[in-house]
Amino acid sequence: ETTNKDDTCVACLPCIGKGGKLEDAKMSCVNGECPKCGMDKIWSKGLRRRLVKREWDAGKKEWVDKLNKDSKLATDVWAKKVQWRDYVTKARPTKVDKSSRKSSADKDSEYDPNAKAARNIVLQTFEGTVIDFLDHIEKQITSHIAHRNLVCTEHRSKKDYDHNSRPWTVHRDQDFAENGSIENFDKLQSEHWQKSQYTLFMAINSFLLVDEWNKTEGSLD
């Protein structure tokens, strides 16, 4: 039993051991090449093969998954209908500008600083069997393992850097902040985009002063 998604990711990587951390995992364990690690080893290449049998449906003229009645584990609970919710990305409808040339005034007049992004992240409700639910979970966990491994490795590297930083070593921390629209369309790199856009990055520079580093009393500011 796990309490959150990160604990579930760790549980899917037995090679790192009990109480291990995602940043300690080998790349073969993270990307699914390891024969032991991964949600697919537990579900689609493990228990699911014992529960489900693929048969040809002459009426539908396609292969369908049915519970394997020869397995003691394949009870009716696996075919029970359930609902679950998950975040998905959906594209917003956009108006394509078919005119090839416009005056600068016309272009600037379309600028809207409050314009919404072209994509929305929404919470969607899914419905299916318990097997469908676990198929969905496997896809989510598989991608999340790689994502969290990268994030955790970055956090560890940041801590290691802070512990070993020396005076006059400049640290530049930069990350993505937001996307938006540019008022002047002519500033855009190319005209094939539907809207004028910009990407904003926030950056923070920091370094240790020698006087602070040489302190023998008090806190290090």
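Trainee: In which helix is Arg148 found?

Mentor: The model we are reading is a predicted one. Leaving aside residues up to four places away in sequence, Arg148 touches Asp6 and Leu22. The C-alpha atoms of Arg148 and Leu22 are 7.1 Å apart, although 126 residues separate the two along the chain. The element that holds Arg148 is helix α5.

Trainee: Is Asn149 buried or exposed?

Mentor: Asn149 also has its place in helix α5. Not counting residues up to four places away in sequence, Asn149 touches Leu22, Glu23, Ala25, Met27 and Val30. Its relative accessible area is 8%, and under 20% is the cut-off for burial, so Asn149 is buried.

Trainee: What distance separates the C-alpha atoms of Asn149 and Val30?

Mentor: Val30 is one of the residues that Asn149 touches. Along the chain, Asn149 and Val30 are 119 residues apart. Their C-alpha atoms are separated by 7.5 Å.

Trainee: How are α3 and α5 oriented as they pack, roughly parallel or roughly antiparallel?

Mentor: Two packed helices are described by the angle between their axes and the distance between the axes. Helix α3 covers residues 39–51 and helix α5 covers residues 130–164; their axes are 9 Å apart and meet at an angle of about 155°. Angles over 145 degrees fall in the antiparallel class, and therefore α3 is roughly antiparallel to α5.

Trainee: Which residues of α5 make the contact with α3?

Mentor: The crossing of α3 past α5 is left-handed. On the α3 side, the contact is made by Met39, Asp40, Trp43, Ser44 and Arg48. On the α5 side, the residues are Ile131, Leu134, Asp135, Ile137, Glu138, Ile141 and Thr142.

Trainee: Which elements do the buried residues of α3 pack against?

Mentor: The buried residues of α3 are Met39, Asp40, Lys41, Trp43, Arg48 and Leu51. Among them, Met39, Asp40, Trp43 and Arg48 also take part in the contact with α5. The elements against which the buried residues of α3 pack are β1, β2 and α5.

Trainee: How is the ring pair of Trp43 and Trp78 classed?

Mentor: Trp43 lies in helix α3 and Trp78 in the loop between β2 (62–67) and β3 (81–91), 35 residues apart. Both Trp43 and Trp78 are buried. Their ring centres are 6.1 Å apart and their planes stand at 25°, so the pair is stacked.

Trainee: And how is the pair of Trp84 and Phe133 classed?

Mentor: This pair also links distant parts of the chain: Trp84 is in strand β3 and Phe133 in helix α5, 49 residues apart. The ring centres of Trp84 and Phe133 are 5.3 Å apart. The planes stand at 65°, and over 60 degrees is the cut-off for this class, so the pair is edge-to-face.

Trainee: Is Phe133 buried or partly exposed?

Mentor: Ring pairs link Trp84, Phe126 and Phe133 into a cluster. Phe133 has 28% relative accessibility and so counts as partly exposed.

Trainee: What is the value of phi at Lys61?

Mentor: Lys61 lies in the loop between β1 (52–57) and β2. At 65% relative accessibility, Lys61 counts as exposed. Most residues other than glycine have a negative phi. Lys61 has a positive value, near 55°.

Trainee: What pattern does the chain follow along the sequence?

Mentor: The secondary structure comes to 6 helices and 6 strands. Of the 221 residues in the chain, 25% are buried. Read along the sequence, the pattern is α-α-α-β-β-β-α-β-α-β-β-α.

Notes: Residues numbered from 1 in each chain as written. Predicted model: local features only at pLDDT ≥ 70, side-chain atom pairs only at ≥ 80, totals over all residues. Heavy atoms only, no water. Axes fitted to C-alpha atoms, helices over the stretch in contact; angles between N-to-C directions. Helix = DSSP H or I, 4+ residues; strand = E, 2+ residues; numbered from the N terminus. Parallel < 35°, antiparallel > 145°, perpendicular 65-115°, else oblique. Left-handed = near helix turned anticlockwise from the far one by under 90°. Contact = heavy atoms within 4.5 Å. Phe/Tyr/Trp six-rings, centres within 6.5 Å; stacked < 30°, edge-to-face > 60°. Buried < 20%, exposed > 50% of the residue type's maximum accessible area, 1.4 Å probe, protein only.
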